[in-house]
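Have the 3D view open and follow along.

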Amino acid sequence: MTHEERVKRVVGFGFTHRQAAFLVEVMLHSGFFLGRQYCTFARIARGQKLVDFLEKLTTRRLATPYLCGHNKARVYHLHSTTLYDAIEQRDVRFRKRMAIGRALERLMILDHVITHREFRWLGSEQDKVAHFLTTTSLDRDALPRLAFGVKPNITVRYFPDKLPIGISPDGRTHAFLYLLVSPLPHDFRVFLRRHAELLRALPAWSIQLLVPVEQTDSEGRAQDLADHYETAFRHELGSPLDPVTANEMRWFWQASTLASGGEDKRMRRARRIFGTPRFRALRRALELDGERAVDVAMSRSLADAIERREGRFERHEMRRQYFRLSHLVGTA
């Protein structure tokens, strides 16, 4: 289903095209929204149009408002099954209630999506899979994924991070969002390694790190954390494995899989080296992709793209005071 087809279906519920387009963005990327976000999207001032829109959603029980910390603004959760059914996204997790922290994260992501409308943003798993299977030569096994269960009952989820991917107007550049929520970039390294093979197939791309900057925190601390993430980016994508390390990694993986009883000096040394953050994400990739993950890590294509500025690491500061919303969210 195309984006415009989704918008037309939501228009059928009695919304204007502009209102429907906003609701589609919310359902694909967040599930939660603020009144000011609709104003930003619609390019209108706060006023009666916003009031009428929110009243339509709440009186028809398509969305539920929750009080925020200062008792005036509200966070709205768009949860109507009929709306999500209309755009064929019934099972998307944004329709369901979530923890406060996760809701705030999705609000930050929605802010970025509606602010950077020069990109066309892919939100659903189906849209991402269809896009990259038709615009690259990759097969499904090369797309970012996680596998659950035990053979033969294996469930595969593609693009499991549930983060928007932006496409430039000419279709050449892709933007991959990642929200900084942890002081340590362990999960970020896994995210990068999971997307490495896909990035190799794209002519130009950027990793857009969203950095929350609160008034109660020093800007320097936020930048220090972002520095750690950029270092992880350089390690994972800008520093290909040398042949000696790659061969040792293959040996270590095979030896670990055999699970022999004793450990010699070589095995102890390998455990020490490959237990560092630099290699943990690669070990996760090995579990899913086998030795192909090592081949990808050895390739110079990503490092060359970074040197040519066709692969970039970008910081985007999120300066709105999101965490003041958390005090009463979900208590209405």
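H3 and H6 cross in a left-handed way. Keep in mind as you look around that this is a predicted model. The points below start with that helix pair, then move on to the sheet, its neighbours and the cores.

**The H3–H6 pair**
- Find helix H3 at residues 35-42 and helix H6 at residues 100-115: they pack at an angle of about 15°, and their axes are 10 Å apart.
- Angles under 35 degrees count as roughly parallel, so H3 and H6 are roughly parallel to each other.
- On the H3 side, the contact is made by Arg36, Gln37, Thr40 and Phe41.
- H6 brings Leu107, Leu110, Asp111 and Ile114 to that contact.
- A handy rule for helices: an α-helix has 3.6 residues a turn, so residues three or four places apart point the same way.

**The five-stranded sheet**
- Now look for an open sheet with five strands, in the order E4-E7-E8-E9-E10 and with mixed pairing.
- At its edges sit strand E4 (120-122) and strand E10 (311-318), each of which pairs on one side only.
- If you ignore direction, neighbouring strands in this sheet are turned by 25° against each other on average.
- Strand E9 (residues 204-212) pairs with E10 in the parallel sense, over eight bridges.
- Leucine 209 stands opposite arginine 315, which belongs to E10.

**Helices around the sheet**
- Which residues are buried in helix H7 (residues 125-135)? They are Asp127, Lys128, Val129, His131 and Phe132.
- The cover over those buried H7 residues includes helix H1 (3-11) and H8, along with E4, strand E6 (153-158), strand E7 (165-167) and E8.

**The nonpolar cores**
- How many residues does the largest nonpolar core have? It has 53, and those with the most contacts inside it are Phe176, Phe188, Trp205, Phe233 and Leu237.
- Helix H9 (residues 219-238) gives this core its largest share, seven residues.
- Apart from that core lies another one of 32 residues, among them Phe15, Phe33, Leu50 and Ile114.
- Zoom in on phenylalanine 188: leaving out residues up to four places away in sequence, Phe188 touches Tyr178, Ile207, Tyr229, Ala232, Phe233 and Phe313.

Note on methods: Residues are numbered from 1 along each chain as its sequence is written. This is a predicted model: local features need pLDDT of at least 70, side-chain atom pairs count only at pLDDT 80 or more; totals for chains, interfaces and linings use all residues. Side-chain values use heavy atoms; hydrogens and water are left out. A nonpolar core is a set of buried Ala, Val, Leu, Ile, Met, Phe, Trp, Tyr and Cys residues joined through side-chain atoms within 4.5 Å. Buried means under 20% relative accessible area, exposed over 50%, partly exposed in between (1.4 Å probe, protein chains only). Helices (H or I, at least four residues) and strands (E, at least two) are DSSP runs, numbered from the N terminus. Contact means heavy atoms within 4.5 Å. Two strands pair if DSSP finds at least two bridges between them. Axes are lines fitted to C-alpha atoms, for helices over the stretch in contact, and angles run from 0 to 180 degrees between N-to-C directions. Angles under 35 degrees count as roughly parallel, over 145 as roughly antiparallel, 65 to 115 as roughly perpendicular and the rest as oblique. A crossing is left-handed if the near helix is turned anticlockwise from the far one by less than a right angle, and right-handed if clockwise.
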